[in-house]
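Work through these exercises with the model open. Each task is followed by a worked solution.

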Amino acid sequence: MKVTVVGAGNVGATCADVLAYREIANEVVLLDIREGFAEGKALDIWQKSPINLYDTRTVGVTNDYSRTADSDVVVITSGLPRKPGMTRDDLISTNAGIVQSVTENVVKHSPNAIIIVVSNPLDVMTYAAHITSKFPRNRIMGMAGILDTARYRAFLAEELNVSPKDIQAVLMGGHGDTMVPLPRYTTVGGIPVTELISEDKLTAIVERTKNGGGELVKLMGTSAWYAPGSAAAQMVEAIVRDQRRVFPVCVKLEGEYGIDGVYLGVPVILGKNGIEKVIELQLNDEEKQLLETSRGHVKEVMDALDKMTAAKA
């Protein structure tokens, strides 16, 4: 089993590290355009294998996609990180070009791979990778929902003073300010969260989750990496080990939730074929309206990318 992570920055290196540490693949290839950068990160990860007791080989390469050939799963983290004051949408032009170029190389050398996109703005970068790859939708997806639900669950665990292990939750929609929280699908050890926390505190946690990425950018001056990298690795594990985990994942909707042709986070079953099934929840009117607002926002950015692409042509 071979997994490639494109982009050896903080997110990509964290993803590769988690994949190695958890022995999710026999080989993890880390690729970056900076000379020696991926090689150094991969060597560092490999040198701690005797300490943390794992066998996964980590290999670093500089812009040599031939070394990634026949990868089973490819994680794309390439692109500029957010800086203070930047919205995800500010990144669209530069990162779309990067993601499209990476995708072309991935398809050339690993035509049967499953692709996980992590680059921002997430939903639209998934769209960019999909139209470039021409893969079926089950084999190309974006990582956002796992990260967003993790933040939501972590904040709830802190507020309730319970283990985050016992909190299950679903968030839908676009990655960022228009994500759709679903408190009635949130449980703590099987108990509805609404029975354990006041409405105002739950609302505050939901708002903090929506701005979770921005909060970290303000604190650190750059995007998060431990949680995003780990979230991407969890998706890889579900695919490689055919776990059939239920995760919120960004995918092209084809009529589900009454939406067609837009890339949004929805709950899916993740297994050896990638997205095995899109799960349709029975949303109430308020949730449907929030999802529609999120759809509109993502579609606007998709249209902006289409205009940029047409202008370049």
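**Exercise 1.** How much space lies in the second largest pocket? Then describe its lining.

*Solution.* The second largest pocket holds about 490 Å³ of space. This is a predicted model, where local features need pLDDT of at least 70, side-chain atom pairs count only at pLDDT 80 or more, and totals for chains, interfaces and linings use all residues. Residues are numbered from 1 along each chain as its sequence is written, and side-chain values use heavy atoms, without hydrogens or water.

Step 1: On a 1 Å grid over the protein atoms alone, a pocket is an open set of points with protein on both sides within 12 Å along at least five of seven lines. A cavity is a set of points where a 1.4 Å probe fits but cannot get out. Lining residues have an atom within 4 Å of a point. A volume is the space filled by probe spheres set on the points, which are joined across faces, edges and corners.

Step 2: list the lining. It has 21 residues, and Ile146, Arg153, Gln234, Arg245 and Phe247 are the closest to the centre of the pocket. At least two residues come from each of α6 (145-160), α9 (226-240) and β12 (245-254). Helices (H or I, at least four residues) and strands (E, at least two) are DSSP runs, numbered from the N terminus.

Step 3: sort by class. Asp, Glu, Lys and Arg count as charged; Ala, Val, Leu, Ile, Met, Phe, Trp, Tyr, Cys and Pro as nonpolar; the others, Gly among them, as polar.

**Exercise 2.** Which domains supply the lining of the largest pocket?

*Solution.* Start from the assignment: domain 1 (2-142) and domain 2 (145-304). Such bounds come from an automatic or database domain assignment. The lining draws at least three residues from each of these domains. Now the size: about 860 Å³ of space. There are 42 lining residues, with Thr77, Ser78, Gly79, Leu80 and Pro81 nearest the centre. Helix α4 gives the most, 5 residues. By class, the lining has 19 nonpolar, 17 polar and 6 charged residues.

Contact (heavy atoms within 4.5 Å) joins 34 residues of domain 1 to 44 residues of domain 2.

**Exercise 3.** Why does the end-to-end distance of α4 agree with its residue count?

*Solution.* The expected span is 1.5 Å times one less than the number of residues. The 18 residues of α4 should therefore span 26 Å, and the end C-alpha atoms are 26 Å apart. Its buried residues (under 20% relative accessible area, 1.4 Å probe, protein chains only) include Ile92, Ala96, Val99 and Val106. The buried residues of α4 pack against β1 (2-6), β4 (73-76), β5 (114-117), α5 (122-133) and α10 (285-312).

**Exercise 4.** Is Ala38 buried or exposed?

*Solution.* Ala38 lies in helix α2. Its relative accessibility is 0%, so Ala38 counts as buried. Leaving aside neighbours within four places in sequence, its contacts are Ala8, Leu30, Leu31, Asp32, Gly60 and Val61.

**Exercise 5.** How many cavities of 30 Å³ or more does a search of the whole structure find?

*Solution.* The search finds 1. The largest cavity has a volume of about 70 Å³. Among its lining residues are Asp123, Asp148, His175 and Pro248. The lining divides into 5 nonpolar, 5 polar and 2 charged residues.

Methods. Buried < 20%, exposed > 50% of the residue type's maximum accessible area, 1.4 Å probe, protein only.
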